[in-house]
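Dear colleague,

Please find below the structure that I am handing over to you.

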Amino acid sequence: MRLDLSKIRTPHEHFEQVFPPEAFAAPEGNADSFRVAGPVRLRFEIFKDKSAFRLVGSTETTLEVPCSRCLEPMLVPVDAAFDLRYQPHSTNTGDAEQEIEEDDLTTAFYQNDEIDLGQLMREQFYLALPMKPLCGDDCRGLCPMCGTNLNRGACECKRDWQDPRLDALRELRNKN
């Protein structure tokens, strides 16, 4: 999933492709917090200015993520727009300290006349995910004692936990 920049000859081109979900399987030992559950559609416009490139477009798919409360898998639709600038890695000289400009946040670097589209899409997936995905507003989560999914049924756990560090204060209150 690489974009060969040496084949881009005109100042403006269009790119559109659909990738199967299997193309985004996490490498061994690098588990993502999501699974790509549907085809990924990537489309963008390429604007070329000498060795700098600007990609403006979007990526669409469906991700499967665990609910933050009950850990059940749920589907999250993604339609993430992006506007990124790419410069050759050789221009990244790492000069002295300087203040970050707005353009610095949307500028990335490429090497060997290639842009890794897999990395671009994975980054957009992470940015599009909700911070705390919930399967529903009324999700009751898991029992902290036994781990039962409280959306499916109740458990018999006693939830009257008292902090043992406060036993001395309880004794004082009971004496009076």
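**Salt bridges**

At 52% relative accessibility, Arg2 counts as exposed, where exposed means over 50% relative accessible area, buried under 20% and partly exposed in between (1.4 Å probe, protein chains only). Please note that this is a predicted model, in which local features need pLDDT of at least 70 and side-chain atom pairs count only at pLDDT 80 or more, while totals for chains, interfaces and linings use all residues. Residues are numbered from 1 along each chain as its sequence is written, and side-chain values use heavy atoms, with hydrogens and water left out.

Arg2 forms a salt bridge with Glu114, the closest N and O atoms being 3.8 Å apart; the term stands for a side-chain nitrogen of Lys or Arg within 4 Å of a carboxyl oxygen of Asp or Glu. Arg2 belongs to strand β1 (residues 2-4) and Glu114 to strand β8 (residues 114-116), so this pair ties together parts that are 112 residues apart in sequence. Helices (H or I, at least four residues) and strands (E, at least two) are DSSP runs, numbered from the N terminus. Glu114 is partly exposed, at a relative accessible area of 32%. Together with Asp116, Arg2 and Glu114 are linked in a network of salt bridges.

By this rule the count comes to nine salt bridges. Side chains of opposite charge can pair when their charged atoms come close. Another of these bridges joins the side chains of Arg41 and Glu16, at 2.4 Å from N to O. This pair also links distant parts of the chain, with Arg41 in strand β4 (residues 40-49) and Glu16 in strand β2, 25 residues apart. Arg41 has a relative accessible area of 31% and is partly exposed; Glu16, at 42%, counts as partly exposed too.

A further bridge, between Arg170 and Asp167, has an N to O distance of 2.6 Å. Both residues lie in helix α2, three residues apart, which is about one turn of the helix. Arg170 is buried, with a relative accessible area of 18%, whereas Asp167 is partly exposed at 38%.

**Aromatic pairs**

A search of the whole structure finds seven aromatic pairs. Rings of Phe, Tyr and Trp (its six-membered ring) pair if their centres lie within 6.5 Å; planes under 30 degrees apart count as stacked, over 60 as edge-to-face and the rest as tilted.

One of them is the edge-to-face pair of Phe34 and Phe125, with 5.9 Å from centre to centre and 90 degrees between the planes. Phe34 sits in the loop between β2 (12-19) and β3 (35-36), and Phe125 in helix α1 (residues 117-128), so that the pair links distant parts of the chain, 91 residues apart. Phe34 and Phe125 are both buried.

Phe53 and Tyr110 make another edge-to-face pair, because their ring centres are 5.8 Å apart and their planes stand at 75 degrees. Here Phe53 in strand β5 (residues 52-66) is linked with Tyr110 in strand β7 (residues 107-110), 57 residues away in the chain. Phe53 and Tyr110 are buried as well.

Phe34 and Phe125 also belong to one aromatic cluster with Phe19, Phe24 and Tyr126. Phe19 lies in strand β2 and is buried, with a relative accessible area of 7%. Leaving aside neighbours within four places in sequence, Phe19 is in contact (heavy atoms within 4.5 Å) with Met1, Phe24, Pro39, Val40, Leu42 and Met121. Phe19 and Gly118 are 99 residues apart in sequence, yet their C-alpha atoms are 9.8 Å apart in space.

Helix α1 has 12 residues and reaches 16 Å from its first C-alpha to its last, close to the 16 Å expected at 1.5 Å a residue; the expected span is 1.5 Å times one less than the number of residues. Among the buried residues of α1 are Leu117, Gly118, Met121 and Phe125. At the start of α1, a side-chain oxygen of Asp116 reaches to within 3.0 Å of the backbone nitrogen of Gly118.

Asn149 is found in the loop between α1 and α2 (167-175) and is buried, with a relative accessible area of 9%. The side chain of Asn149 reaches the backbone nitrogen of Asn151 at 3.0 Å. Not counting residues up to four places away in sequence, Asn149 touches Cys70, Glu72, Gly141 and Leu142.

With kind regards

Note on methods. A polar contact is a pair of N or O atoms within 3.5 Å; within protein, one must be able to donate a hydrogen and the other to accept it, and residues adjacent in sequence count only if both atoms are side-chain atoms.
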